[in-house]
Amino acid sequence: MKPDVPAVLAETAALMVRNAAPDVPPAERAGALGLSAALLGFAAQAWDGAAHNLVQENRAIRTLLGEAGSDEDLHLSVLSAENDRLRATLIALHTEVEGKDPAREAAIWAELVASTERRLVAGSPV
């Protein structure tokens, strides 16, 4: 989930603290509570599959890049950092093969579509 779940939870906590003050207008408080509930719902859905999805994505991207390796450390921060590194390398590869290697380009697009589908949560507009 982007932004990352810890950032969403921190923002939600800040919203709750700000709206605990007695002088917050009721309409503003209701809006903040609605936003907080929606963010917590998305975070809960994203949290459950986050490690699984990152491991799948990292594995698929390594295959496209021809890299060996696996994810031994399953902390989300470690998996996300490796995912960021792999995606940056994939972007460079995509730029390199675009218009020159249709089969490889199609494989990259297929993984990008699959990655987007893995990250969908109920209520996503995409």
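## The model

This is a predicted model, in which local features need pLDDT of at least 70, side-chain atom pairs count only at pLDDT 80 or more, and totals for chains, interfaces and linings use all residues. Residues are numbered from 1 along each chain as its sequence is written, and side-chain values use heavy atoms, with hydrogens and water left out.

## Helix α1

Helix α1 covers residues 5-18, 14 residues in total. Helices here are DSSP runs (H or I, at least four residues), numbered from the N terminus. From first C-alpha to last, α1 reaches 20 Å, close to the 20 Å expected at 1.5 Å a residue. That expected span is 1.5 Å times one less than the number of residues.

Which residues of α1 are buried? They are V5, V8, T12 and L15. Seen down the axis of α1, these buried residues fall within an arc of 85°, so they line one face of the helix. The arc is taken from the directions from the helix axis to the C-beta atoms. P6 and V17 are exposed on the other side of α1. Buried means under 20% relative accessible area, exposed over 50%, and partly exposed in between (1.4 Å probe, protein chains only).

## Packing against α2

The buried residues of α1 pack against α2 (26-65). Contact means heavy atoms within 4.5 Å.

## Residue H94

H94 is found in helix α3 (residues 76-97). Its relative accessible area is 11%, so H94 is buried. Leaving aside neighbours within four places in sequence, H94 is in contact with E105, I108, W109 and L112.

Notes: Helices (H or I, at least four residues) and strands (E, at least two) are DSSP runs, numbered from the N terminus.
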